[in-house]
Amino acid sequence: MRQLMTNTTDNIPPPCQVFDLICGTSTGGLIAVLLGRLGLDCLTAMSVYRELVTAFFEEVDGKTKDGTAGNEGIFPGAFEEKLATIVEKYTGDKDAPMKISKSRLDKVDHSSADTFVTVVQSTAGAAGVEPYRVRSYTKPPRGVESVVGRDWTICEVIRAATALPGYVKPVDIESQSFQDAALSGSANPVWAAISEVELRWSKKCEPLMISLGTGLVSLLSSDSDEELSDQDGKPLGITGSQPPRGVLSSSTFSKQLLGVARDTELAHRRAKECFRDMNLAHNYFRFDPTGGLGDICASDVTQVPRITALTNAWLRTPEGYEETTGAFRALKVHPSIPCVG
């Protein structure tokens, strides 16, 4: 975003002024809402993200360690209160809807980009179900609504996106329950993004896409697609039934994390191949430190200096330099095509 400044006296543009569509899954869904729906600049979004995720994991870890989680996981009341405060600060209403309409604009004037977050029904029964896209805009033709005749609030969307099966209680909307889509084989929403672009614009359009990785790719020991698939050719981490309700052991969580890493990487490779087949290899970029985050836990948001150092080290590698400078040049050269983050 800093590179996209037209001159040194301008403010650094927020992503919502650069991208037409911003989407995410799990905590990536939280990031998508902060950058897209709430229109925050990167530095503000990072600060808010740390504040929310720190509160979330403190609550989850505290209640799972002493065994007080219920059959469906904990109800993160403190996290919800913090979240409502943040939403009210940037919209003027703690119950602000996810979908923006002319009849109900936010009480706080801010820019925003079209945003969607993927979630799944917690009662679907098996992994690999198609996730719903909860949108900040009107459903495109042939699109599918998760709940008919009912608008989600921003808080409900984030709660559902971060309702990790086995740890955090799902969110009830009307007669349905929703949770994080990551463990259902949809940790990387790149294919949902490609599909949404086709619904919103056209199959013939040439989108520019920037995908943010998880830093989990280092968990995988092989670079081959074959080793990322099971005997049936289905991505590992997608097959099988969903994990049991209640508190999960550390070994179960490790297996889930490995499944997410495989699912995310496989989706990325297939998307990259898809763009290459369309002669659009120069329009797809992936920011994902291939060295990973070392022994930093997924919930350890307190180690910001170390995470920053590892990310900066990747930026100095040939891969990191080529991906980021390539994305910058593409955004500068093709400002009129649909841009997806």
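A residue counts as buried when its relative accessible area is under 20%, as exposed when that area is over 50%, and as partly exposed in between, using a 1.4 Å probe and protein chains only. The structure examined here is a predicted model, in which local features need pLDDT of at least 70 and side-chain atom pairs count only at pLDDT 80 or more, while totals for chains, interfaces and linings use all residues. Residues are numbered from 1 along each chain as its sequence is written, and side-chain values use heavy atoms, with hydrogens and water left out.

The overall picture comes before the details. The chain has 8 helices and 8 strands, where helices (H or I, at least four residues) and strands (E, at least two) are DSSP runs numbered from the N terminus. Of its 341 residues, 48% count as buried.

Arg142 has a positive phi of about 70° although it is not a glycine. Arg142 sits in the loop between β3 and α4, and its relative accessible area of 67% makes it exposed. Asn279 likewise is not a glycine and has a positive phi, here of about 60°. The loop that holds Asn279 runs between α6 (250-277) and β7 (284-287). With a relative accessible area of 64%, Asn279 is exposed.

Helix packing is illustrated by α3 (residues 77-91) and α4 (residues 154-161), which meet at an angle of about 140° with their axes 10 Å apart. For such values, axes are lines fitted to C-alpha atoms, for helices over the stretch in contact, and angles run from 0 to 180 degrees between N-to-C directions. The two helices α3 and α4 are therefore oblique to each other; angles under 35 degrees count as roughly parallel, over 145 as roughly antiparallel, 65 to 115 as roughly perpendicular and the rest as oblique. The crossing of α3 and α4 is right-handed, a label used when the near helix is turned clockwise from the far one by less than a right angle, with anticlockwise giving left-handed. On the α3 side the contact is made by Phe79, Glu80, Leu83, Ala84, Val87 and Thr91, and on the α4 side by Ile154, Cys155, Ile158 and Arg159. Sorted by class, this contact has 7 nonpolar, 1 polar and 2 charged residues. In that sorting, Ala, Val, Leu, Ile, Met, Phe, Trp, Tyr, Cys and Pro count as nonpolar, Asp, Glu, Lys and Arg as charged, and the others, Gly among them, as polar.

Aromatic side chains come next. Rings of Phe, Tyr and Trp (its six-membered ring) pair if their centres lie within 6.5 Å, and planes under 30 degrees apart count as stacked, over 60 as edge-to-face and the rest as tilted. By this rule there are 5 aromatic pairs. In one of them, the rings of Tyr132 and Phe178 have centres 6.1 Å apart and planes at 75°, so the pair is edge-to-face. Tyr132 belongs to strand β3 (residues 132-135) and Phe178 to strand β5 (residues 176-180), so the pair ties together parts that are 46 residues apart in sequence. Phe178 is buried, at a relative accessible area of 0%. Together with Trp152, Tyr132 and Phe178 form one aromatic cluster.

Strand β5 also holds Gln179, which is buried with a relative accessible area of 1%. Gln179 and Thr123 are 56 residues apart in sequence, and their C-alpha atoms are 9.5 Å apart in space.

Leu266 is found in α6 and has a relative accessible area of 2%, making it buried. From Leu266 to Asn188 the C-alpha to C-alpha distance is 8.9 Å, at 78 residues apart in sequence. His268 is also placed in α6 and, at 10% relative accessibility, counts as buried. Leaving aside residues up to four places away in sequence, His268 touches Asn188, Tyr284 and Arg286.

Arg50 lies in α2 (residues 42-65), and Val304 in α7 (residues 304-315). Arg50 counts as partly exposed at 32% relative accessibility, and Val304 counts as partly exposed at 26%.

Conventions
Contact = heavy atoms within 4.5 Å.
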